[in-house]
There are 2 protein chains.
Amino acid sequence: MEPRAGDESSKNGNGSANLHHHHFMGVEMDTIAPRVHPVVAPPPRTTFKKFKCRLKETLFPDDPLRQFKGQPCGRKLFLAAQYIFPILQWGPHYNLGLFKSDIVSGLTIASLAIPQGISYAKLANLPPIVGLYSSFVPPMIYAVLGSSRDLAVGPVSIASLIMGSMLRQEVSPTKEPLLFLQLAFTSTFFAGLFQASLGFLRLGFIIDFLSKATLIGFMAGAAIIVSLQQLKSLLGIVHFTSQMGLIPVMASVFHRTSEWSWQTILMGCCFLGLLLLTRHVSMRKPKLFWISAGAPLVSVILSTFFVFVFKAQRHGISVIGKLQEGLNPPSWNMLRFHGSYLGLVIKTGFITGIISLTEGIAVGRTFAALKNYQVDGNKEMMAIGLMNMVGSSTSCYVTTGAFSRSAVNHNAGAKTAVSNIVMSVTVMVTLLFLMPLFQYTPNVVLGAIIVTAVIGLIDVPAAYGIWKIDKFDFVVMLCAFFGVILISVQNGLAIAVGISLFKILLQITRPKTAMLGNVPGTDMYRNSHQYKEAVMVPGFLILSIEAPINFANTTYLKDRISRWMEDYDYDAEGASKCSGLEFVMLELSAVSAIDTSGVSFLVDLRLALEQKNVQLVLVNPLGEVMEKLQKANEGHNLLRQDRLYLSVGEAVASLSSSMKPQRPMADV
Amino acid sequence: MEPRAGDESSKNGNGSANLHHHHFMGVEMDTIAPRVHPVVAPPPRTTFKKFKCRLKETLFPDDPLRQFKGQPCGRKLFLAAQYIFPILQWGPHYNLGLFKSDIVSGLTIASLAIPQGISYAKLANLPPIVGLYSSFVPPMIYAVLGSSRDLAVGPVSIASLIMGSMLRQEVSPTKEPLLFLQLAFTSTFFAGLFQASLGFLRLGFIIDFLSKATLIGFMAGAAIIVSLQQLKSLLGIVHFTSQMGLIPVMASVFHRTSEWSWQTILMGCCFLGLLLLTRHVSMRKPKLFWISAGAPLVSVILSTFFVFVFKAQRHGISVIGKLQEGLNPPSWNMLRFHGSYLGLVIKTGFITGIISLTEGIAVGRTFAALKNYQVDGNKEMMAIGLMNMVGSSTSCYVTTGAFSRSAVNHNAGAKTAVSNIVMSVTVMVTLLFLMPLFQYTPNVVLGAIIVTAVIGLIDVPAAYGIWKIDKFDFVVMLCAFFGVILISVQNGLAIAVGISLFKILLQITRPKTAMLGNVPGTDMYRNSHQYKEAVMVPGFLILSIEAPINFANTTYLKDRISRWMEDYDYDAEGASKCSGLEFVMLELSAVSAIDTSGVSFLVDLRLALEQKNVQLVLVNPLGEVMEKLQKANEGHNLLRQDRLYLSVGEAVASLSSSMKPQRPMADV
C-alpha cells in the first residue's frame, strides 16, 4: 500500500511530501516538480454577515437560542418561561426524596447564615438586623430565578467590607446612621441594576478579566483586612480607627492598649480556638462538615447564655443589644437617586456589584462542574441582579452566593434551590420570634465567627501552584494582595487587573517569533530552539509568527525579522559551506488576524527583502488573513502563486527545485 | 528514490506520514504502528534568565549593543560617541557634492519654514516670532543628534493646535500673555523630557499603540479643526470663539457675519487659490516641487508689498504688526515648575510630546524606508526630546519633524542633516535683519498658508484602502475623525486608541477556534471552513485554537468547545454512518502562551471529556506552553505520552490504529 511518486500515487499527491527531503540532504536534485496545494480564501461573506457572526461569538458564545430552533410555538413559549424561571425546569420533577435532602442542608446553612448575617452587617457598618433581612428575601428570589443548585445566597464578607469602607469615606455610620442606611440600599440597587444589565446585555465576559491569580491575591488580602477589622471586637477596643489598611489599623490597635479588655480577649480566644478547631476537623474529614457548620450557632448560643447568666456585659464585654422583631420593612422610599451622593452610590454599587458577581458566578461554576451540570453565566447575572434590586427595596443590602456557605450546602447534600427556601423560612422564623435572644450575644463572638469564615479565603496551596507554573501570574497575585492590604481594597484590585491586561497587551506587542527547522525524516518544521534535532534548510529562513499582526507589533516584527536575518548571515559565516539566503518564509499558521498596519508591514517587508535579492514566501495564511491579503493584493503583488504555500514542507520542496545551485555570499 | 515503509526508510521515519491515510479512507487497517515523534520542552532555563530574555525582547528588540560586541575598547568608545552623535557617522565623509544638494534643499525648506513658523505660532496663540525662534535652535540640535537625513525640523500644525487649545482652557493668551508664554515653554520642556525619557527607557513602543487607522482619522480631523480656526483670519472676524469644535466655530462664524470683511475675503480667496493651484501642480509633477515649496514665501512677499503700497491695513485687512529683531532670548527663567498650573503643563507636555513624537518618528521612518537606511526609534526620541528641552530654554515651543516640509526637503534632494543647518542659518539671518519686512504681512495670507499645508493631512485614498481591507479599522478611523471634530482633539484621540486596544483585547477574549479536516492526499489538517475539500476524520474532533489561552478566554473556550462537540453529534446524526466521538484533539500550534487559568482549563476539560468517554489529545504545544504543562502535570496526568503528539497527522495515525472498530452512539 506504499505510494510511489510518479505512478498511481502522484494522482492524489501522497508522494509529494517525501520528495524534497533529498534536496537539502545534498544527495541529489530531483527534477519531478512536487505537487503543490493551493491556498484558498474562505467562502466570501458580506460585511454584514461577518459582523453578525463576530457579534454572535462575542455576545452569544453559548448559543442560548439553540434549544428553541425548530420547536413549535407553544413549546417555544414554555421553553422561554423555563429559561427565565429555571424553577420550572426542576419544579415539576420535585419529590419528597429531594425535599428530605434539601431540608437538612437548608437548616444547616441557616444555622450558619444567622450568625454570619449579623456579623457581616456589622462589617458593613449596618445595623445587625439588616444582615438577617438580607438572608430572608434574596434567597427566595434566587430560588425562583437562579440556575445553580448549590448556591447558598446571602451577605458575604468582602462585598460587605467594600460597601462599608467606600460609604464610610464620605458619610459616618455613627453620626448619620439613617443617611448611611439609605446610601447602602441605593448602592445595593445600583449593584443589582448593574449586574442585571451585564447579564441582559450579555457582557458577562467582563468578569473574566479578573483572573484566577488576581482573585486569589485579592481574596487573601481582603481576608486580612476583614480580620484586622475584627481586632476591634476581639480586643474590646472602643475607639477604633475608621481606616482599613494594615498599617493604620495596627498603629491604632497598639496606640490604644489601655482600652484592651482582658475579659473580651479571653472569651475571644476561647471561641476563636473552638471555631478554628471545628474548622480543622471538618477539613480533615469532609463527612464531619456539620461540626464546623453548626459551630457558629453553638458559639452564639453558648456565649449569649454565658453573658446572660454572668451579666458579663457589665464587665467590659460588649453585646449586640436590643434588636427589633418582625420581617423586612419596605425600603423603596429610602432609595436616593439624586443629591450629592449619587456618584458615590453608583461607584459603590459598581464595585460591590462586580465583586459579588464574580464570587457568585465562580461559586456557581465550581459546584456545577463538580456535579456536572451547566450554569449559564449571563442568566445567573440577571438572577443575582434582580435579587439585589428587589432586595434594595426590602431593606436588604448586597447579597450573592457565598463560597463558604455554598460549600456547606453542597456537603450537606443540597439537591435543588429549595435549600435556599428552607434557609429563608428559618431566618423568617428567627426574625419573627427569636430576635430577643440575640440581645446578649457578645460582639467578640461575632468577630471570631468572621475571622474563621474569612481564613478560608487565604489559599496558600493555590498560590504555590501559581508560583510553580507562572511567575508573572504570581507577581499579579502579589500586587493584588499587597495592593489590598497596603493601599485600598478597590485600588489593589484595579492594579492587579491593570497588570493582567498589560501582560496581554505586551504579548501582542512583542509576539514570539521562532526559527523553524525540519524534524529529520518528516515533513514537519518545528522551532529549532525547542527541537534540537530540527535541521535548517540552506537558503531558507523559516520564521513562525505567533500572534495577530497589527499596529501594535509591526514595528517590532520588522526589527525582529531583520535581527533573524543578521543572525542567519552570521551563522552562515561561522559555518563552513552554506549557500546564501534566498527565501524568508513566514509561517502564518498562528497569525489569527491582521489589520491594515499588518498588511502594509508585509508589503513593505516584501519590497525591503527584494532589494536584498531575497524572496518573501508566505505559508498557510488563515481565513481572515488570506481574505485581507487578497483584498490588498491589487498593485502590491503580495500573493504571487509561487510565493504562497499551504505548508512549509511543500514550499521548501517546490522552491528548492527552482533554486539556483549556488549563489555567491556577497549579495546577501 | 522513493522510500518504502518497512525497509530502509523506516529508519528515518519517512514513511510514517503516509500510513494513516488509509485508516479513515476505510480501505483497511494497517497494523504497523506508525512512528511517533515525541513532543519535548525547550531546554530548561532559570526564571532569571527567562526574565532577562523577556526584558531584552521588550525593551531592546533591535539589539542596539550588537555592534559593540567583540570590539576593542577604543573602538567601543568611538562607536558609543557615534551612537550618541550620529553626525560623527556621516560628518567625516561629508563633501562638497553633498553640500551642494543640502544647500539647495536647506534654502527651499527655509522659504517654507519662515511663513509656516509665523503661522503655526499664531495657531498656538503665541507671538509670531516664537515660531521663527523655534525654526532656528531645534534644527541645529537635531542636525547633531538625529539619525534621519530627511527630517525638516520645526513647529508643526497639530502640536501647535493642541498646545494652544489645552493651555487656553485655563489661561487667556490675550489677557495674560506672559503667563501663557511661560506655560508654553514649560509644556515644551515637559514634552521634551517625556520624549527623551521614552527613548532613554526604551519605551518607544508606546507610540506604536497609535495605529495607522487612528492616525489617519486623527490627522484628518485635526486638519479640519485647524482650517476652521483659520476662518478667523480668512474672513477677517475680530471676535472669534475660543472653542475648537466644528459646531461652536460654525455657530460663531455665522453669528458674526457683520464682522466679515470683503477686502480680507477677496485677498484670502486669491492667495488660497494660488497656493492650492501650486500644490496641485507640484502633486501632479513631483519634479516641480519647488513651485509649491516657494509659493508661501512668494505669497507673503506679494501680499506684504500689496498692503504696504495700498495701505490696505487701513481698509480692514489685519497685519502681523511690528516684530522684534534679534536672536532667541534665553527663557530658562520662564520655566515654572511649581504653582497651580503644574498639572496643566505636565498634561499638555505629555499630549503634545506624544503627538509630535509620533509625527516625527513616522516621518523619519517613511523617508528612511524610501532611501533604504535605518532610523532607530528610541534614539530619535532622545534626539527630539533633547531638542525640545534645549528649545524650551531658548524661547522655542514644541518642534518635531514636519511631514510637509520633510517631503519638500526630500524632493529638493537633501542628502544629510546639513540641510537643517542651512535652514537654521537662513532663519537666523531673517531674525537678525529681515524682521521689519514682516510688519505689513497680512494675517489672511498666513491663514491661507496654514489651510494649504494641513489639507495634505486629509488622506482620502488611504482611508479608502482601510475601508477595503478592514472594516473595523475604518470604524476606528471614523471614531478618531469625528471624535476630534465634534468632541475635542485629545478626547478624539483617546477614544480611537481605546477602541483599538479594545479590539485587541476582544481578539484575546474571543479567540478563533476552527475545526480541522484532512486535506485529501496529504498529511495536512486545515480549517474545514476555509478548505472545503478537507475531510473530517470519523471519531476525531480536531480543533485549533488561535490565541494564547489565558484568564480572559478560558470561559469562552469552554463554551465554544462544548458547542463544537454538540455540532459534531448533530452532524453525526444527520450523516448516515459515522462512529461516535472518541477524541477531541486540540491543535495548539497557535497558542503562543498559557497562564495558570489556561492550565486549569485544560485540566478541567480533560476531566469533563473523560466523563463522556472522550479523550483529550494535545498536539504540538509550543515551548512555553509545553514547559508550563509539564510543571502542572504532577497529579493531573495531563501529559500522558499517548495523548500528546507533534502533529495532527501523527496523532490521527497513531490513535486510529488503537481505536475500537465501532462504538455505540449512546454514550457520546
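Helices (H or I, at least four residues) and strands (E, at least two) are taken here as DSSP runs, numbered from the N terminus. On that basis, chain A of this predicted model contains 27 helices and eight strands.

**Overall dimensions**

For chain A, the radius of gyration is 33 Å, whereas a compact globule of 668 residues would have a value near 26 Å. Along the principal axes, the C-alpha atoms of chain A fill a box of roughly 105 × 65 × 55 Å. Buried residues make up 51% of the 668 in chain A. Among contacts in chain A with a separation of 6 or more, 80% join residues 24 or more positions apart.

Two packed helices are described by the angle between their axes and the distance between the axes. The two helices considered here are listed below.

| Helix | Chain | Residues |
|---|---|---|
| α12 | A | residues 212-235 |
| α22 | A | residues 471-487 |

Helices α12(A) and α22(A) pack at an angle of about 25°, and their axes lie 7 Å apart. Because angles under 35 degrees count as roughly parallel, α12(A) is roughly parallel to α22(A). The crossing of α12(A) past α22(A) is right-handed.

On the α12(A) side, the contacting residues include Ala213(A), Ile216(A), Gly217(A), Phe218(A), Ile224(A) and Ile225(A). On the α22(A) side, they include Asp473(A), Phe474(A), Met477(A), Leu478(A), Phe481(A) and Ile485(A). By class, the contact between α12(A) and α22(A) comprises 16 nonpolar, three polar and one charged residues.

Note on methods:
Residues are numbered from 1 along each chain as its sequence is written. Chains are lettered from A and ligands numbered from 1 in the order in which they are written. This is a predicted model: local features need pLDDT of at least 70, side-chain atom pairs count only at pLDDT 80 or more; totals for chains, interfaces and linings use all residues. Axes are lines fitted to C-alpha atoms, for helices over the stretch in contact, and angles run from 0 to 180 degrees between N-to-C directions. Angles under 35 degrees count as roughly parallel, over 145 as roughly antiparallel, 65 to 115 as roughly perpendicular and the rest as oblique. A crossing is left-handed if the near helix is turned anticlockwise from the far one by less than a right angle, and right-handed if clockwise. Two residues are in contact if their C-beta atoms, placed from the backbone, lie within 7 Å. Ala, Val, Leu, Ile, Met, Phe, Trp, Tyr, Cys and Pro count as nonpolar, Asp, Glu, Lys and Arg as charged, and the others, Gly among them, as polar. The radius of gyration is taken over C-alpha atoms; the globule rule is 2.2 Å times the number of residues to the power 0.38. A residue is buried if 20 or more other C-beta atoms lie within 10 Å of its own, exposed if 12 or fewer, and partly exposed in between; C-beta atoms are placed from the backbone.
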